[in-house]
Amino acid sequence: MEKISTCLKNIFTLELRSLALLRIGMGAVILLDLCIRITDLRAFYSDEGVLPLETLFSYIWSSWGISIYTISGLWQIQALLFMVSALFAFFLLIGYKTQLSCVLCWFFMLSLHARNPLILQAGDDLLRLVLFWGMFLPLGNYYSLDSLTKPAPLAKQVFNVATVGYYIQILSVYFFAALLKTSPEWRSEGTAIYYALSLDQMVLPLGKLIYPYPNLLKWMTHMVWYLELLVPFLFLMPYKTSFFRKAGILGLIFLHTGIALTLFVGLFYIIGIVTLFGTIPKDWAVRIDKKIVGIRLFPSSIFEQGTYGIGKYFHLNRTLKTPLNMPAKIFLVPRNFVLSSVIAYTLLLNWQTTEYTINYLYRYDIDFIGQFLRINQKWGMFSPAVFKEDGWYVLAATTYSGHVIDIGRKGKAVDYKKPKSVVAIIKNDRWRKFMENSIAERYSYMGPLYCKFMFKKWNDANPKNRIKDLRIIYVMETTGANYRNEEPVHIELAFISD
C-alpha cells in the first residue's frame, strides 16, 4: 500500500508555480474570449439577436440550468454583465482574492455558456471544467497580489483530491476523444484528416497545401488518433514522472499546434495548451520562475530572499506554515468526499459515452448534477467520424431599387459559386459554430430567427439601400472519397419580406 501511495503521489503532485501559471493563463484566455464575444453582443446574447430568451427557454433550456445572463434580454444589461465578468477575470489574472475570483469566473462562464449553447465548442467545455477544479486548487500562492500578504508555503508542491480531479479531467479529454473515434476513417482507412481538410468552412492555407497528398494525410490521421489515445498514459507513469510528463505536454502541444495551423478552431488550441500549464513539472517550473518570470510584479521568490527589488520594502516572515484552523478541518472530509464523487462522475460519464458502455454502471437519473454544475461532458471532436456535409451561406436580398444582392458579402451581387476562401467570409468561430448548428434538423427554428436578425441589421445600417425581402440559402457540398465531391445542393432555410 505504501508503494501504491507513493506512486499516486508522484503522479498527481503539482507545482504551485505551475498552478500560478495556469491561473494567469486562464484569466488571460477568459479576457480574450470576452473580447471576441462582445463584438456579437446583440446577435448572440440579446433579445434582438438570433436567440431571444423566449426561444432559449422554449427549445434548449435545461430545467437544471442557471444563468445570470437570462435576467434580461436587453443588450445594455448583457454589456454590464460582460464587464463584471471581465473584472473578475482580471482579478484572477493578477491573483486578487484568487479563490473567490475563480469561483465567480466559473459562475459567469457557466452562465454565459447556458445563455447560448449553439455557439459553443469543446474548448469552452474544457475551460469551464478546469475553472471548476481551479476553485479547489491553490492558484494564488505565486505571482499574485494575494502572495504579498500571505506566508509562502514551506512546500512548493501540492497533492490532494483536487489535484487528482484536475489531472484526470485534462487526460479524459484526449483519451475519451480517441475512444469515441470509432469509424474506419480513423482506425483503419486513415482518411479522417482528408475529410477534415475537405471542410471549406474550417480549412486554413496550410491545410489546403497538404490536402493533395493522401499518404501524408493517412499518416497524420493515425498519428492524431494514437497521440490522443496514448499520450494520457505518459502522464500516469509512476517512475521518471517528470520526464514522461514533459513528453506528454510536448506531445499535446504538438497536436494542438498542428490543428491550429490547418483548421479554423477558434480558441480551442489556446485553451488546450493553457489548461496544461498546471501539469508543468518542477524543473521546468523552476526554470520559468528564474528566467521568464525573473522581472515580475508579484515575486514570491524575491520575498523569500528579501534583499532586492520590491521585496526589501516588505518585512514578512515568508516561511511560516499556516496550520489549518478548526472550521477548515471540519469541512475537509465532506469537501474531499464531494470532489471524489465528481471524479467518479466524470470517469463514469465519459466511459458511458464510448462503445464500451456498461449497462447500469451509470444512472442517467442523476445527470441533473452534471447539468446544474455544468460538469457533464462528451469529447466527441470529429467523432465517430468527420462529417461530410459542408457549405456556405448565401443571404440573397432584393432591394427596393430591384437589385438582388448578398448582404452576407457586403451587398455584392448574388453568386452561388463557392468563394475562394469560405473561412475568410466567416467572422469568427462563434458564427461558424452557429451556422454549423443552424442547418441541423433539431435546430430548424434558428433559420427564421437568423433571417429576421440579418434583415433588420442590414436595413438599420443601410437606410439608403434598404431591402424588402431576404432569403437565406445554404449551399451544401458533400465530400466523397478520393477527392470526389457531389454537386452542391441549395437548401432554403428561411425567408422574410417587409
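Predicted model: local features only at pLDDT ≥ 70, side-chain atom pairs only at ≥ 80, totals over all residues.
Local features need pLDDT of at least 70 and side-chain atom pairs count only at pLDDT 80 or more, while totals for chains, interfaces and linings use all residues. Residues are numbered from 1 along each chain as its sequence is written, and side-chain values use heavy atoms, with hydrogens and water left out.

**Whole protein**
- The protein has 20 helices and seven strands, taken as DSSP runs numbered from the N terminus (helices: H or I, at least four residues; strands: E, at least two).
- Of the 498 residues, 52% are buried (buried is under 20% relative accessible area, exposed over 50%, partly exposed in between; 1.4 Å probe, protein chains only).
- Among contacts (heavy atoms within 4.5 Å) between residues at least 6 apart in sequence, 76% join residues at least 24 apart.

**Helix H5 (residues 75-94)**
- The 20 residues of H5 should span 28 Å at 1.5 Å a residue, and the end C-alpha atoms are 29 Å apart, which agrees (the expected span is 1.5 Å times one less than the number of residues).
- Buried residues in H5 include Leu-81, Phe-82, Ser-85, Phe-88, Ala-89 and Leu-92.
- An α-helix has 3.6 residues a turn, so residues three or four places apart point the same way.
- Cover for the buried residues of H5 includes helices H2 (16-37), H3 (41-45), H6 (98-115) and H7 (122-134).
- Gly-95 follows H5 and has a positive phi, near 75°.

**Helix H20 (residues 446-461)**
- Among the buried residues of H20 are Tyr-450, Cys-451, Phe-453, Phe-455 and Trp-458.

**Surface patch**
- Trp-64, Phe-368, Ile-369 and Phe-372 form a nonpolar surface patch with about 360 Å² of accessible area together.
- Patch residues have over 30% relative accessible area and no salt bridge; like charges are joined within 9 Å, nonpolar side chains (Val, Leu, Ile, Met, Phe, Trp, Tyr) within 5 Å.
- A salt bridge is a side-chain nitrogen of Lys or Arg within 4 Å of a carboxyl oxygen of Asp or Glu.
- Ile-369 lies in helix H18 (residues 368-373) and is partly exposed, at 33% relative accessible area.

**Gln-377**
- Gln-377 sits in the loop between H18 and strand S3 (389-399) and counts as buried, at 6% relative accessibility.
- The Gln-377 side chain makes polar contacts with the side chains of Gln-169 (2.7 Å) and Asn-350 (3.2 Å).
- A polar contact is a pair of N or O atoms within 3.5 Å; within protein, one must be able to donate a hydrogen and the other to accept it, and residues adjacent in sequence count only if both atoms are side-chain atoms.
- Not counting residues up to four places away in sequence, Gln-377 also touches Leu-129, Thr-346, Leu-349 and Thr-353, among others.

How values were computed. Areas by Shrake-Rupley, 256 points an atom, 1.4 Å probe, with all protein chains shown as cover.
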